[in-house]
Amino acid sequence: MKPRLKFESFPQYYKYFSFLIDKEREATISNLREELKLPPKERERSGKAILDLKVDKIKKTYGMKYEVILVRDEIIKENEINIGDLVILSTDPFYDPIEGVLSFKDKKSIGIIVNEPVNFKDKLRVDLYCNETTFRRMKKALNILAFKKEIFRILSGRAQPRFKEEKITIKNSYLNEFQREVVKKTLLARDIFLIQGPPGTGKTTTIAASIYEHSKRGYRILACADSNTAVDNLIEALFRYNLKVVRIGHPGKVLPSILEHTLDFLIEKNNHFKEAKIIRDEIERIKENQKQIKTSFSKIKINKNKDFEIFFKNKKEIKRLIKLALRLERAAIKETIMGADVVCATNSGAGSEILENFNFDVVFIDEANQSTEPSCLIPIVKGKKIIMAGDHQQLPPTVVNEKISPYLSLSLFERMVKVYGKDILGFLKVQYRMNEKILNFSNYNFYQAKIISSPDAKNRLLEDIVKKPLIEKFSSQISEILNPRKPICFVDIESKEDQYPGATSIFNKTEAIVLKIIYEKLLELGLKKDEIGIISPYKDQTRLLKEIIGQDVEIKTVDGFQGREKEVIIISLVRANEDKKIGFLSERKRLNVALTRAKRKLIAIGNANTLKSSELYRRLLYYFSKNNSYIKLDVKEILDKT
C-alpha cells in the first residue's frame with residue numbers, strides 16, 4: 001500500500017497518523033530499553049554511553065537550573081553523545097536515573113544541565129536517552145487538529161490554497177530576484193506556501209526574510225524546525241533584522257550565540273521574575289528552618305508545642321509562597337513572550353506547557369523535509385497560516401520503525417508538493433556554494449537543470465586557497481587526485497567491505513587508509529582541518545575513520561552532514577563485494593546530499609565494479625569520466641610510497 005496523499009475526512013486522517021505515531025513510539029522506546037540492557041562496556045563501545053565518571057563540581061546556571069561537571073581519568077573516546085542531547089545520569093540506568101542535557105564535552109570531562117542539584121559519590125555513567133514527550137505532543141496536536149477546520153481543509157489535500165490579490169514590493173538587498181519573488185508569494189498566501197531550497201541556494205536566508213516581512217506587517221510569528229541546530233541557524237539568520245526573538249527551549253541545547261535570546265536568559269531581567277526569585281530564596285530559608293525544628297522534635301524540650309505550631313505555620317507559608325512565586329513566574333513568561341516579534345522553538349518545543357495558551361498568525365517551519373508530519377502538527381495547530389522551507393530532493397525524516405518508514409518518512413512538505421504542485425511552491429534558483437562541476441550532476445539528475453550558479457561560486461577552485469608548488473612533490477596519482485584546477489575526482493580502488501560480528505553497518509579498511517593518505521596530503525597543501533569534511537553513508541566507516549584519523553576533523557555520516565558545507569569533501573562509499581550489492585547507497589536523496597556539500601573540491605572514493613550495478617551510479621561514474629576526473633588508483637603503489 002502506498003502512503004496516503006489525500007484524506008476524505010478527519011477521522012480517516014486521525015486513524016492513519018495515530019497508528020503511525022504509536023508504532024514509532026513503541027519501536028523507539030523498545031530499542032532504547034534493549035540498548036540499555038547491554039553490558040556497560042558494550043554500550044560505551046557503541047558510542048551510546050560514557051562510563052567511570054565522577055562529579056567534579058555543581059554550579060547554578062540560567063533558569064534556576066544546575067550544571068553538573070563530570071570528569072574521569074581516561075580520555076573519553078569518540079561517541080554519539082553530542083551537545084544538546086538528552087541524556088540520563090545514573091549509577092544504573094534502570095534505578096533512579098536523572099534526566100539532563102549535555103552542555104559541553106572535551107577529552108576528559110563533560111557538563112550536564114539538570115533541574116535539581118545531584119548528590120552522587122559513586123562512579124557514574126551517562127547514557128544517550130529519549131523520552132515519550134514528543135510522541136505525547138504529537139498525539140495532543142492531532143486531537144487539537146479536530147477543532148482547526150481551516151487548517152485541516154488544507155492538510156487533507158482536498159482544498160485549493162488561496163492567495164491575496166495585492167501589489168507587494170520587497171526591498172531587501174540581502175536577497176536575489178528569485179528570493180524576493182518567493183518572499184512576496186509567502187506574503188500573498190492565505191493558507192500555505194512552500195519554499196524549495198536546493199543545496200546552497202539560501203533557503204534559511206529566504207525564510208528569515210519572509211519572517212521579517214510578516215513581522216513588519218504586524219503578524220504574530222512562531223518559527224520552528226525539527227532540530228535545535230536548525231532553529232538556532234534560523235535565529236542567526238534573523239539577527240540582521242534586529243527583531244526581538246525569544247527562543248523557547250533548554251539552555252543546554254542552544255548555541256552560545258543564541259543564549260541571550262533564550263526565555264531562561266530573558267526572564268532573568270523581568271521584574272516579576274526578580275520578585276519570584278526573592279520569594280524562592282525565602283522558601284529555601286524557611287525549609288532550612290523546618291529541618292532544624294524537625295531535629296528538635298526528637299529532643300526533650302519544654303516548648304515542643306510551640307515548635308509544632310511554628311512548623312505547621314511554616315508549612316502553610318511555604319504553600320502560599322510557592323503559589324505566589326508560580327504566579328509571578330507565569331506573568332514574567334507571558335510578558336516576555338508577548339513582547340517578542342518572533343517566538344522560536346523546535347517542533348516538539350512548540351508543544352511545551354510554556355506555549356500552551358499562546359496562538360500565532362503564521363507558523364514557519366524550516367528544514368521541513370526532515371520533519372515527520374505529526375512533528376509538524378505540533379506547531380501548525382498553534383497558527384492560522386503555514387510557511388514551510390525545505391527540499392524534498394534531500395534526506396527525508398529519520399524513522400526508527402522500518403515497517404512504517406515508507407509512510408512516516410513522507411514529510412508533510414513533500415506530500416503538499418505532490419498534492420498541490422507548483423501552485424504553492426517557490427523554487428530558489430541561484431546557488432552560492434559550489435563550483436559548477438560539483439553541482440552539475442545533481443542539477444541535471446535531481447533538479448531538471450533549473451539551478452543557476454552565482455558568478456562567485458561558478459569557478460570556485462582549490463587552487464585559490466592552496467600552496468600549489470607543494471603538489472609537485474607528491475606521487476603522480478596523488479597529484480592527479482588533488483589537482484587544484486579540477487573540482488571533482490572519483491578514486492576507483494580495489495577493496496573489500498567488512499562487518500563487525502552482530503553489526504548491521506559496514507566498513508571498508510582499504511578505503512579508510514586511502515582516505516587518510518589523501519586527507520594528510522590536503523593538510524600538506526595548506527588546508528586547515530576545519531576546511532575539510534569527511535563523510536560516509538555508513539556509521540561503522542565513520543567510526544573507523546575517527547579511530548585512524550582522529551577527532552580534529554569533522555567526520556560524519558551523510559545524514560549528519562545535511563545542511564553543512566566545507567571547502568573540500570572526501571566521501572567514502574564503502575561498498576565493495578562480489579555480489580555487487582550497494583544497499584542504501586541506491587537511495588537517490590542520500591547521494592544528492594553527499595555530492596553537494598563541497599565548495600571547491602569533491603573527492604569520492606569507491607569500488608566502481610560494485611557501484612556500477614546501479615543505474616544511478618553508472619551515470620555518476622560516467623559524469624566523472626566525461627570530465628576527465630576518474631582515477632583508477634594502484635593502492636599498493638600508493639601505500640609503498642607513503
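Guide: First, the pocket rule. On a 1 Å grid over the protein atoms alone, a pocket is an open set of points with protein on both sides within 12 Å along at least five of seven lines, whereas a cavity is a set where a 1.4 Å probe fits but cannot get out; lining residues have an atom within 4 Å of a point. Points are joined across faces, edges and corners, and a volume is the space filled by probe spheres set on them. This is a predicted model, where local features need pLDDT of at least 70, side-chain atom pairs count only at pLDDT 80 or more, and totals for chains, interfaces and linings use all residues. Residues are numbered from 1 along each chain as its sequence is written, and side-chain values use heavy atoms, with hydrogens and water left out.

Visitor: How much space lies in the second largest pocket, and which residues are closest to its centre?
Guide: The second largest pocket holds about 370 Å³. K422, L425, G426, F427 and K450 are the closest to its centre, out of 18 lining residues. Helix α5 (177-188) gives the largest share of that lining, four residues. Helices (H or I, at least four residues) and strands (E, at least two) are DSSP runs, numbered from the N terminus.

Visitor: What does the lining of the largest cavity look like by class?
Guide: The largest cavity has nine nonpolar, no polar and one charged residues in its lining. R590 is one of the lining residues, and so are F584 and L591. Helix α20 supplies the largest share, three residues. The volume is about 50 Å³. The count is three cavities of 30 Å³ or more.

Visitor: Why is helix α13 called largely enclosed?
Guide: Buried means under 20% relative accessible area, exposed over 50%, and partly exposed in between (1.4 Å probe, protein chains only). Eight of the nine residues of α13 (residues 412-420) are buried, so the rest of the structure largely encloses the helix. Among them are F413, E414 and Y420. E414, at 11%, counts as buried. After α13 comes G421, with a positive phi near 60 degrees.

Visitor: What makes K589 and E414 a salt bridge?
Guide: The rule asks for a side-chain nitrogen of Lys or Arg within 4 Å of a carboxyl oxygen of Asp or Glu. K589 and E414 meet at 3.0 Å, N to O. The pair joins distant parts of the chain, with K589 in α20 (residues 588-595) and E414 in α13, 175 residues apart. The count by this rule is 54 salt bridges.

Visitor: How do you know that E26 and K23 pair about one helical turn apart?
Guide: They are three residues apart in helix α1 (residues 10-36), so about one turn separates them. E26, at 38%, is partly exposed. K23, at 30%, is also partly exposed.

Visitor: Is K37 buried or exposed?
Guide: K37 has 56% relative accessibility, so K37 counts as exposed. Its salt-bridge partner E34 lies at 3.3 Å, N to O. E34, at 45%, counts as partly exposed.

Methods
Nonpolar A, V, L, I, M, F, W, Y, C, P; charged D, E, K, R; others polar.
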